[in-house]
Amino acid sequence: MAIIVLQELDKQMPPDFGPGAAASFIAAVHAAPADPDVPGDPDDRTFCGRPTLGMEPVPYEPAGPGASWLPPNMRQWECSDCAAALRA
Ligand SMILES: [Zn+2]
């Protein structure tokens, strides 16, 4: 099964930031099944049930069976519900 890795961004702009200084912070990294009709696009919901609308795809594909579903450098943001669903 193809999965799409998505990052949920927590967009915040501190009041003392000037124009153009908007920073994006990763809130969590989720996984979603690929849309059967649109290859490369995620389905409407992640494995943990969140809407994928507004999430940013992460350009990453697991190297193979048993490989981590998310990039190793994003492990700290791993969504535990998505991880549990993928382990099942
Ligand atoms: Zn999730």
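**Core, salt bridge and selected contacts in a predicted model**

Glu78 is partly exposed, with a relative accessible area of 30%. This residue of the predicted model is located in the loop that connects S3 and H1. Beyond residues up to four places away in sequence, Glu78 touches Val29, Trp69, Leu70 and Ala83.

Confidence in the prediction was examined for the chain and for its elements. The protein chain has an average pLDDT of 85, and 84% of the residues score at least 70. Confidence is highest in H1, with a mean of 94, and lowest in S2, with a mean of 86.

The largest nonpolar core consists of 12 residues: Ile3, Val5, Val29, Ala31, Val58, Tyr60, Trp69, Leu70, Met74, Cys79, Cys82 and Ala83. Two or more residues of this core come from each of strand S1 (3–12), strand S2 (23–33) and helix H1 (80–87). Ala31, a member of the core, is in contact with Ile3, Ile4, Thr46, Phe47, Trp69, Cys82 and Leu86 when its neighbours within four places in sequence are left aside.

Two cysteines belong to the core, Cys79 and Cys82. Cys79 has a relative accessible area of 9% and is therefore buried, the limit being under 20%. Cys82 also counts as buried, because its relative accessibility is 0%. Zero disulfides were found in a search of the whole structure.

Gln7 lies in strand S1. With a relative accessibility of 16%, Gln7 counts as buried. Residues up to four places away in sequence being excluded, Gln7 touches Ile26, Ala28, Val29, Met55, Glu56, Pro57, Val58 and Met74. Among the residues that Gln7 touches, Val29, Val58 and Met74 are also listed in the largest nonpolar core.

One salt bridge is present in the structure. It is formed by the side chains of Arg50 and Glu8, with an N to O distance of 3.2 Å. Glu8 belongs to strand S1, whereas Arg50 lies in the loop between S2 and strand S3 (56–57), so the pair ties together parts that are 42 residues apart in sequence. Arg50 has a relative accessibility of 39% and so counts as partly exposed.

Terms used: Residues are numbered from 1 along each chain as its sequence is written. This is a predicted model: local features need pLDDT of at least 70, side-chain atom pairs count only at pLDDT 80 or more; totals for chains, interfaces and linings use all residues. Side-chain values use heavy atoms; hydrogens and water are left out. A nonpolar core is a set of buried Ala, Val, Leu, Ile, Met, Phe, Trp, Tyr and Cys residues joined through side-chain atoms within 4.5 Å. Buried means under 20% relative accessible area, exposed over 50%, partly exposed in between (1.4 Å probe, protein chains only). Helices (H or I, at least four residues) and strands (E, at least two) are DSSP runs, numbered from the N terminus. Contact means heavy atoms within 4.5 Å. A salt bridge is a side-chain nitrogen of Lys or Arg within 4 Å of a carboxyl oxygen of Asp or Glu. A disulfide is a pair of cysteine sulfur atoms within 2.5 Å. pLDDT is the predictor's confidence in each residue, from 0 to 100.
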